[in-house]
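I opened the notebook to record what I looked up in one structure. The entries follow in the order I made them.

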Amino acid sequence: MSVTIAKWTIEQYHELVATGILDDRRVELLAGDIVEMPPEGMPHAVYCGRTVKYLRNLLGDRAEIRETHPVTLPNNSEPEPDVAIVRAPDTQYLAHHPYPEDIFWLIEYSDTTLTKDLNTKQRIYAQAGILEYWVVNLQALELIVFRGVGNDGYQTETRLNDGSIAPLSFPAIEVEIRRLFSI
């Protein structure tokens with residue numbers, strides 16, 4: 001006996017959200033699947049919050065920094081990345097969540113979700129054309145940077161735990177790696 005799993009479109013997912021059925025659940029849509037998100041741990045919350053403040057100071061009004069809000073992708077996905085660096089002004093997102101063309105780069109903080117973030121989300125983001133994707137690995141205290149979009153994922157993966165990095169969209173900005181996972 002084979003099992004058929006119902007896949008959801010973005011429109012169906014939005015209709016489901018609008019009914020209120022998912023109000024008490026932390027979920028996101030990944031490649032047509034509604035996926036539960038685990039509770040956020042304390043280090044995750046602290047480091048992510050500090051990173052948002054740090055990036056806002058670095059980027060100023062050149063971009064909007066969104067924390068745990070959805071982005072809408074064409075592959076029937078509406079993930080909620082921990083940090084999304086998107087085009088300003090924020091008022092354009094009153095009508096829709098950011099689309100791939102609005103996204104400069106995305107950041108996920110990973111501890112218990114490391115496998116999902118390095119595999120499923122990495123493929124979904126690459127397929128959607130997100131130019132740059134960072135995973136802050138809280139298990140190893142390292143930054144994993146994905147660049148070079150391809151259909152099966154990103155072409156390059158770089159692991160850093162010190163120094164600085166310039167985001168592709170803002171080459172004049174230097175992000176200190178340790179600021180992403182240290183006090």
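**Entry 1, the model.** I noted that the model is predicted, that local features need pLDDT of at least 70, that side-chain atom pairs count only at pLDDT 80 or more, and that totals for chains, interfaces and linings use all residues. Residues are numbered from 1 along each chain as its sequence is written, and side-chain values use heavy atoms, with hydrogens and water left out.

I looked up the largest pocket and found about 350 Å³ of space in it. A pocket here is an open set of points on a 1 Å grid over the protein atoms alone, where a 1.4 Å probe fits, with protein on both sides within 12 Å along at least five of seven lines; lining residues have an atom within 4 Å of a point. The volume is the space filled by probe spheres set on the points. Of 23 lining residues, Pro38, Glu40, His44, Tyr109 and Thr113 are the closest to the centre. I found that α2 (42-59), β5 (103-110) and α3 (114-118) each give two or more residues to the lining. Helices (H or I, at least four residues) and strands (E, at least two) are DSSP runs, numbered from the N terminus.

I turned to the largest nonpolar core, which has 26 residues; Ile85, Trp105, Ile107 and Trp134 touch the most other members. Such a core is a set of buried Ala, Val, Leu, Ile, Met, Phe, Trp, Tyr and Cys residues joined through side-chain atoms within 4.5 Å. Buried means under 20% relative accessible area, with a 1.4 Å probe and protein chains only. The largest share of this core, 6 residues, comes from α2. A second, separate core has 20 residues, including Leu30 and Leu118.

Is Glu142 buried or exposed? Glu142, in strand β7, counts as buried because its relative accessibility is 13%. Its side chain makes a polar contact with the side chain of Arg159 at 2.6 Å. For a polar contact, N or O atoms lie within 3.5 Å, and within protein one must be able to donate a hydrogen and the other to accept it; residues adjacent in sequence count only if both atoms are side-chain atoms.

I listed the buried residues of α4 (residues 120-127): Lys121, Gln122, Ile124, Tyr125 and Ala126. They pack against β1 (27-30), β5, α3, β6, β7 and β8 (153-160), where contact means heavy atoms within 4.5 Å. Just after α4, Gly129 takes a positive phi of about 90 degrees.

Methods: Buried < 20%, exposed > 50% of the residue type's maximum accessible area, 1.4 Å probe, protein only.
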